[in-house]
Amino acid sequence: MAEPTFRAPKGTRDILPPDSGRLRALIDEFAAAAGLRGFGEVVSPMFEDLGVFKRLGEETDVVTKEMFDFLDKGDPPQHLALRPELTASICRAYAEHRPVPPWKIWYEGPQFRYEQPQAGRYRQFTQVGVEVLGADDPQVDVDVISLGWDFYRTLGLRQVELVINSMGDASCRPQYMAALTDHLVGHRSDLSPQSQVTLDRNPLRILDSKRDEDQAVIAAAPSMVDYLNEECSVHFEEVRAGLDALGIPYSMSPRLVRGFDYYTKTVFEFVGDALGGSQNAVGGGGRYDRLVEDLGGPPTAGIGFALGVDRILLACDAEGVFPGPATAVSVFVVDVTGGGHALDVCTRLREAGIGADRAYGGRSMKAQMKVADRSGAPFAAIIGEDEVAAGEVTLRDLRGEAGQRRVALDDLVRDVRALTTN
RNA sequence: GUGGGCGUAGCUCAGUUGGUUAGAGCGCCUGGUUGUGGUCCAGGAGGUCGGGGGUUCGAAUCCCCUCGUUCACCCCA
């Protein structure tokens, strides 16, 4: 392959038709699902002060080594970073604008992490997500989780599984951490070298290690749910009861700890079973009752999730669902008189709200018919000298058995409507 | 960031132990008598074999570097 002068930067890609149409349709689907449940959209900046993201946790890889950060041209310069996720931005916006709680919002857009790219893992990737700020009612957790669950079902995905856990809060997590650390330190020599390093930095991280050597130690480790205090325990029970009431299946995993330090109480992940490899998390989220405060806002409970659009589409491919939208072009105009009449006919159709396209460059009828076929349009409107003389066009059915017939130019819109509405 | 696989036309891939003008299928373009696509037939365009360096009389085939991609770890969506 001849090397082009420029190519999309490492870990980024161009999304072209028809994939881009599919992406758009997926986001529209999510917008509809969120809107139906009373969520409003927030469009926030693509970059923030670096400090906004640092609050996500000093032990979080996304913060410590995966940030696209830079200095602006100010004096003194401001240290900014492309957003690696959106929860922090939303919390920053909440602290800044103080909307009336509960604040139910959804978002969509690209996010950036400086990682080694892999299938389903990009340096620029798209997420859709929701956040609810200002309500710690477990019913909110249920509402949020069910929105995610329903969304996957709407797309047609059947092999997505829900996994949940509880991380406790500031009063019970320390006791669990002590017990976990005791256990891990006691088996330090049984852990992989990498996990032994992790142990000193953030013991919780070892729980989702995928290395075989670690599995026995992890399996014997204490579970957070056994250390939950009364409040957290009741909260978790109510979340589970709510999911049960909705008939949403889930499994509990004491190993589900998530990568951000800010989570409290409920955490959950949607796993795409149809995706091989490690990039099988198609969505995840949890409750974060301290984050808004950490960003300078009032004490505010929060919960939300982010769904990886790129991975969801890979999962759709794997399951053979969500093919994407059909063409919006209903009529492809074939004009063998030079093209001037195609201009007129297309305009008539478009002004009536009927999708219309045409060929350019005065190509042969055969060539234009091929383009018409490829366009996916259900009908072709053919214009030759005969039609022009009679003030008509030949309307041809490209997909069915209706054949073709001549119609008066002034009746074209009416006839196309009749054919496309039944 | 660490380690392994891969990188030949727009796409999916063949290219034998290094040896003459690098191939196929799909796609694209043009035709198959004078206005008709989706089937069929015939032509055609399109590649300095990711890039750079080296070994050799000679390299897509061997070596080194580099870039990209992919898999695992890590992390996460």
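Tutor: Let us begin with one crossing: helix 12 and helix 15 cross in a right-handed sense. Please keep in mind that the model before us is predicted.

Student: How does one describe two packed helices in general?

Tutor: Two packed helices are described by the angle between their axes together with the distance between those axes. Here, helix 12 spans residues 340-351 and helix 15 spans residues 412-421; their axes come within 10 Å and cross at roughly 55°.

Student: Are helix 12 and helix 15 parallel, perpendicular or oblique to each other?

Tutor: Angles from 65 to 115 degrees count as roughly perpendicular, and those under 35 as roughly parallel. Helix 12 and helix 15 are therefore oblique to each other.

Student: Which residues of helix 12 and helix 15 meet?

Tutor: From helix 12, Val345, Arg348 and Leu349 take part, and they meet Leu412, Val413 and Val416 of helix 15. In this contact of helix 12 with helix 15, five residues are nonpolar, none is polar and one is charged.

Student: At what angle do helix 1 and helix 11 pack?

Tutor: Helix 1 (residues 19-36) and helix 11 (residues 309-319) pack at about 110°, and their axes are 11 Å apart. These two helices, helix 1 and helix 11, are therefore roughly perpendicular to each other. Arg22, Leu23 and Leu26 represent helix 1 in the contact, meeting Val309, Ile312, Leu313, Cys316 and Asp317 of helix 11. The residues of that contact divide into six nonpolar, no polar and two charged.

Student: How do the axes of helix 5 and helix 9 lie?

Tutor: The axes of helix 5 (residues 138-155) and helix 9 (residues 230-246) come within 8 Å and cross at roughly 45°. That makes helix 5 oblique to helix 9. Their crossing, that of helix 5 and helix 9, is right-handed.

Student: What is the volume of the largest cavity, and which residues line the largest cavity?

Tutor: The volume of the largest cavity is about 40 Å³. Its lining consists of Asp335, Gly338, Gly339, Arg358, Ala359, Tyr360, Gly361, Gly362, Arg363 and Gln368. Sorted by class, the lining of the largest cavity has two nonpolar, five polar and three charged residues.

Student: Which classes of residue line the second largest cavity?

Tutor: The second largest cavity holds about 30 Å³ of space, and the residues around it are Asn165, Met167, Tyr176, Leu204, Leu207, Met224, Pro254 and Val257. Seven residues of this second lining are nonpolar, one is polar and none is charged.

Student: How many residues line the second largest pocket?

Tutor: The second largest pocket, with about 270 Å³ of space, is lined by 17 residues. Nearest its centre lie Arg173, Leu204, Asp261, Tyr262 and Tyr263. By class, the lining of the second largest pocket comprises eight nonpolar, two polar and seven charged residues. Leu204 also belongs to the lining of the second largest cavity.

Conventions. Residues are numbered from 1 along each chain as its sequence is written. Chains are lettered from A and ligands numbered from 1 in the order in which they are written. This is a predicted model: local features need pLDDT of at least 70, side-chain atom pairs count only at pLDDT 80 or more; totals for chains, interfaces and linings use all residues. Side-chain values use heavy atoms; hydrogens and water are left out. Axes are lines fitted to C-alpha atoms, for helices over the stretch in contact, and angles run from 0 to 180 degrees between N-to-C directions. Helices (H or I, at least four residues) and strands (E, at least two) are DSSP runs, numbered from the N terminus. Angles under 35 degrees count as roughly parallel, over 145 as roughly antiparallel, 65 to 115 as roughly perpendicular and the rest as oblique. A crossing is left-handed if the near helix is turned anticlockwise from the far one by less than a right angle, and right-handed if clockwise. On a 1 Å grid over the protein atoms alone, a cavity is a set of points where a 1.4 Å probe fits but cannot get out, and a pocket is an open set with protein on both sides within 12 Å along at least five of seven lines; lining residues have an atom within 4 Å of a point. Grid points are joined across faces, edges and corners, and a volume is the space filled by probe spheres set on the points. Ala, Val, Leu, Ile, Met, Phe, Trp, Tyr, Cys and Pro count as nonpolar, Asp, Glu, Lys and Arg as charged, and the others, Gly among them, as polar. Contact means heavy atoms within 4.5 Å.
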